[in-house]
Amino acid sequence: MATSDRPVPVQPQTPKPRLRPRRSEPMPWLKPGIFLGGLVPLISLGLRWSQDALGANPIAQIQNELGLTALIFLVAVLACTPAKRVLGWTWQIRVRRELGLFAFFYASLHFLNYLVLDQFFDFGVILEDIAKRPFITVGFAALVLLAPLAITSTNGWVRRLGYRRWERIHKLVYVAGVLAVIHFIWRVKIDVSQPLTYAAIVGVLLAARVVWWLRKRVAS
């Protein structure tokens with residue numbers, strides 16, 4: 001049987017696609033910096049507790065500082081979007097989730113301090129306080145609203161719920177912010193200048209959102 005002497009044509013090899021180098025995240029130090037900075041108030045409390053430097057009523061001092069720290073982080077969360085719209089900043093959007101988790105973390109410690117050190121797990125007194133003392137009622141309600149926001153803060157929950165539903169759930173942060181400042185105002189019995197300052201800041205941040213929402217409705 002005769003065979004052909006013609007050479008077998010060689011198929012040209014297709015060049016392999018070049019992998020684009022992965023873009024590095026801008027300001028890679030930002031999230032670690034927020035994390036370390038977020039622990040500073042807790043470390044400060046621990047050091048002052050160990051040195052007996054928290055005043056005549058250390059439990060009340062811890063309670064007040066934990067609550068104030070939670071409110072500061074909550075205000076920071078509410079300020080992220082207005083800062084983007086007004087100042088054009090975008091870096092704060094990347095750490096908004098971390099700020100919200102710190103708000104929930106310190107609010108939980110605020111409640112645990114009340115539960116453990118103040119009331120010694122006396123659940124009868126605690127339930128009576130929640131039912132009969134308005135500032136505790138609204139503070140506990142704010143913590144309850146923050147809990148599902150912290151649980152569903154991951155990308156996995158965004159995919160499970162769908163972005164629109166997830167976004168609607170996370171608008172509860174506005175209600176939590178209002179309840180938190182009411183809790184602060186009602187908690188302070190003498191000088192309410194500090195809680196009123198935070199209430200004014202939260203009011204401005206929420207009013208800005210209302211204005212942008214109305215403009216969007218009118219434009220559409």
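Start by selecting E128, which is partly exposed with a relative accessible area of 41%. Keep in mind as you look around that this is a predicted model.

**Stop 1: E128 and its partner**

E128 and K132 form a salt bridge, and their closest N and O atoms are 3.6 Å apart. Both sit in helix α5 (residues 123-132), and because they are four residues apart there, about one helical turn separates them. K132 counts as exposed, at 62% relative accessibility.

**Stop 2: D129 and R133**

Next, pick D129 and R133. Here is another salt bridge, with the closest N and O atoms 3.6 Å apart. Is D129 buried or exposed? It counts as buried, because its relative accessibility of 9% is under the 20% cut-off. R133, at 35%, counts as partly exposed.

**Stop 3**

To see one more, select E65 and R48: their side chains meet at 2.5 Å, N to O. This pair links distant parts of the chain, with E65 in helix α2 and R48 in helix α1, 17 residues apart. R48 is partly exposed, with a relative accessible area of 23%.

**Stop 3: the largest nonpolar core**

Time to go inside. In soluble globular proteins, nonpolar side chains tend to be buried together. Select L71 and L99: of the 36 residues in the largest nonpolar core, these two touch the most other members. Which helices each supply at least two residues of this core? They are α1 (30-50), α2, α4 (96-118), α6 (134-151), α9 (172-187) and α10 (193-219). The most comes from α2, which gives 10 residues.

Zoom in on L71 and show what surrounds it. Not counting residues up to four places away in sequence, L71 touches A180, V181, F184 and Y198. There is also a second, separate core of six residues, including Y114, I126, I130 and I136.

**Stop 4: F140**

Go to helix α6 and click on F140. Its relative accessibility is 31%, so F140 counts as partly exposed. Leaving aside neighbours within four places in sequence, F140 is in contact with F111 and I130.

**Stop 5: T69 in helix α2**

Hop over to helix α2 and select T69. T69 is buried, with a relative accessible area of 13%. Beyond its neighbours within four places in sequence, T69 is in contact with P41 and Y106.

**Stop 6: a buried charge**

Now find R209 in helix α10. R209 is buried, yet it has no salt bridge. Where is the nearest side chain of opposite charge? That is E167, 9.4 Å away, while a salt bridge needs the atoms within 4 Å. Leaving out neighbours within four places in sequence, R209 is in contact with L78, T81, P82 and Y174.

Conventions. Residues are numbered from 1 along each chain as its sequence is written. This is a predicted model: local features need pLDDT of at least 70, side-chain atom pairs count only at pLDDT 80 or more; totals for chains, interfaces and linings use all residues. Side-chain values use heavy atoms; hydrogens and water are left out. Buried means under 20% relative accessible area, exposed over 50%, partly exposed in between (1.4 Å probe, protein chains only). Contact means heavy atoms within 4.5 Å. A nonpolar core is a set of buried Ala, Val, Leu, Ile, Met, Phe, Trp, Tyr and Cys residues joined through side-chain atoms within 4.5 Å. Lys and Arg count as positive and Asp and Glu as negative; His and the chain ends are not counted.
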